[in-house]
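Student: Hi! I've got a new model open and would like to go through it with you. Shall we start?
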Amino acid sequence: MQERNTAQAVADEPRAFDETQLARRWDISVRTLQQWRRMGIGPIYLKLGNRVSYRREDIEQYERQALRRGTGERAFT
């Protein structure tokens, strides 16, 4: 049952997130995301006019790269 709920939750997620949605997903402030963009940190993003969007696949890739097994060790290479 848990597996189905998780699959449904992923299916219900949007293909792209605005900065408010991503900030909520990661429990950080929108301002932090804005600062990260200025510093070149975080997932790649799409900017059309004044609108910033993050594609779900780019968010998930960034999350995988951020996984760690220990303080100085990445979980995946």
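Student: Leaving aside neighbours within four places in sequence, which residues is Ser53 in contact with?
Tutor: Ser53 is in contact with Ala16, Phe17, Tyr45 and Leu46, where contact means heavy atoms within 4.5 Å. A word on the source: this is a predicted model, where local features need pLDDT of at least 70 and side-chain atom pairs count only at pLDDT 80 or more, while totals for chains, interfaces and linings use all residues. Residues are numbered from 1 along each chain as its sequence is written, and side-chain values use heavy atoms, with hydrogens and water left out.

Student: Is Ser53 buried or exposed?
Tutor: Ser53 counts as buried because its relative accessibility is 11%; buried means under 20% relative accessible area, exposed over 50% and partly exposed in between, with a 1.4 Å probe and protein chains only.

Student: Now the core: which residues form the largest nonpolar one?
Tutor: Its seven residues are Phe17, Leu22, Ala23, Leu33, Val52, Tyr54 and Ile59. A nonpolar core is a set of buried Ala, Val, Leu, Ile, Met, Phe, Trp, Tyr and Cys residues joined through side-chain atoms within 4.5 Å.

Student: And what does Phe17 touch, not counting residues up to four places away in sequence?
Tutor: Phe17 touches Leu22, Arg25, Val52, Ser53, Tyr54, Arg56 and Ile59.

Student: Switching topic, at roughly what angle do the axes of H2 and H3 cross?
Tutor: They cross at roughly 110° and come within 8 Å; axes are lines fitted to C-alpha atoms, for helices over the stretch in contact, and angles run from 0 to 180 degrees between N-to-C directions. Helices are DSSP runs of H or I, at least four residues, numbered from the N terminus.

Definitions and conventions. Helix = DSSP H or I, 4+ residues; strand = E, 2+ residues; numbered from the N terminus.
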